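Please view the sequence and structure below before reading on.

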Amino acid sequence: MQRIPCVLMRGGTSKGPFFHAWDLPANVVERDELLINLMGSGHELEIDGIGGGSPQTSKVAIISPSLHADADVDYLFVQVMVAQRRVDTAPNCGNMLCAVGPFAIEQGLVKGNDGKTLVRIRNLNTNTFVNSLVETPGGIVRYEGRTAIDGVPETAAPVHLTFLDAVGSKTGKLFPTGQAKDVIDGIPVTCIDMAMPMMIVDAAQLGVTGSETPAQLDANTALLQRLEALRLKAGKAMGLGDVSGMVIPKPVLISAPRFDGTLQVRYFMPHNCHRALAITGSIGLATACVSPGTVVMDMLGDTAEALTQVRLEHPSGGIDVALSRGGPDGQTIQASVVRTARRLFSGFVYAPGFQRMAG
């Protein structure tokens, strides 16, 4: 049994181990097999590993110094399947992303400033850039604070994330099919790629209200089968090919808000309903709110195009997304969210038969 340095962190409403890239095999096949074994993938409880038995707690972040002029660190996200012994590195994860800044500072990859520290992150999954602003009084990461996020008990210090160039994260286009709305099997859908490729559907079109709990939706076999059939066709239409073995695009059900939000959402990963909402998903959904012709704007009305703040209601509460325009043309949509993170433990994880690569 070989031991590998690791830090377990909560990022937003997700958690998982953080590794330095130099502590893992350089060979991708060997690395992925190692992570599968470490997390205990292939068992519903991941009982023989450190995974939590849920897609939200079976995630891995791999961090390295960046060679790109616009980034301080590179971040590779790995979704480790729970019941299946495989991984997916196609998508980004915005929740895990909010713990990258604190990790990078504490590990000496970025020098902490007195007050706040900006960590420039390049996501290797999508080759996109995110600015993370971390509270660092005296140059030390502060985790305690008064910021609350739905889906996480208690409060913590805020981490501000700004997605700088999330348009076309995997396909190169905001609307990969060439239009803001398509009809698949008679159902109007919006296929959008903003931080995360998604297929957005009005819940009523599939015979549900959109207010159901994740457990109720996960138990609705007919709904899941229909949603997957739509997702497979949407994947091909988006230029992603056969997505049966991929976790993108993510299917999302939308409905009218129940409380004071802009929109109510149920986000799938893709075969189970998220207990809250992925940060990358919130970025795409907020963008769809202000984009003419989408199924979201059909629900909200044309006045939604002027929104600069969007609140998305999810099963655990809500997420607020601030929208602005920037980039070279001044028209590129940029989105910001406030999340929290916490270091849970630092130590070693043990892997059978693994020989550590030289760093």
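## Pocket, cavities and domain contact

The largest pocket has a volume of about 440 Å³. A pocket here is an open set of points on a 1 Å grid over the protein atoms alone, with protein on both sides within 12 Å along at least five of seven lines, whereas a cavity is a set of points where a 1.4 Å probe fits but cannot get out. Lining residues have an atom within 4 Å of a point. Grid points are joined across faces, edges and corners, and a volume is the space filled by probe spheres set on the points.

The model is predicted: local features need pLDDT of at least 70 and side-chain atom pairs count only at pLDDT 80 or more, while totals for chains, interfaces and linings use all residues. Residues are numbered from 1 along each chain as its sequence is written, and side-chain values use heavy atoms, with hydrogens and water left out.

The lining of the largest pocket comprises 21 residues, and Pro55, Met81, Val82, Ala83 and Asn272 lie nearest its centre. Domain 1 (2–162 + 340–351) and domain 2 (182–338) both contribute to this lining, so the largest pocket lies between them. The domain bounds come from an automatic or database domain assignment.

The structure also holds 2 cavities of 30 Å³ or more. Domain 1 and domain 2 each supply at least three residues to the lining of the largest cavity. The second largest cavity is lined by Pro102, Val134, Val141, Arg142, Tyr143, Ala157, Pro158, Val159 and Ala341.

The table compares volumes and linings by class (Ala, Val, Leu, Ile, Met, Phe, Trp, Tyr, Cys and Pro count as nonpolar, Asp, Glu, Lys and Arg as charged, and the others, Gly among them, as polar).

| Space | Volume | Lining residues by class |
|---|---|---|
| Largest pocket | about 440 Å³ | 10 nonpolar, 9 polar, 2 charged |
| Largest cavity | about 110 Å³ | 8 nonpolar, 4 polar, 2 charged |
| Second largest cavity | about 40 Å³ | 8 nonpolar, no polar, 1 charged |

The centres of domain 1 and domain 2, taken over C-alpha atoms, are 24 Å apart. Their contact (heavy atoms within 4.5 Å) takes 21 residues from domain 1 and 23 residues from domain 2. The two domains bury about 1600 Å² between them, 58% of it on carbon and sulfur atoms; buried area is the accessible area (1.4 Å probe) that two parts lose on being put together, summed over both. Gln56, Asp150 and Leu161 supply 28% of the area that domain 1 buries against domain 2, more than any other three residues.

Between domain 1 and domain 2 there is 1 salt bridge, defined as a side-chain nitrogen of Lys or Arg within 4 Å of a carboxyl oxygen of Asp or Glu. The side chains of Asp150 and Arg311 form a salt bridge at 3.3 Å, N to O.
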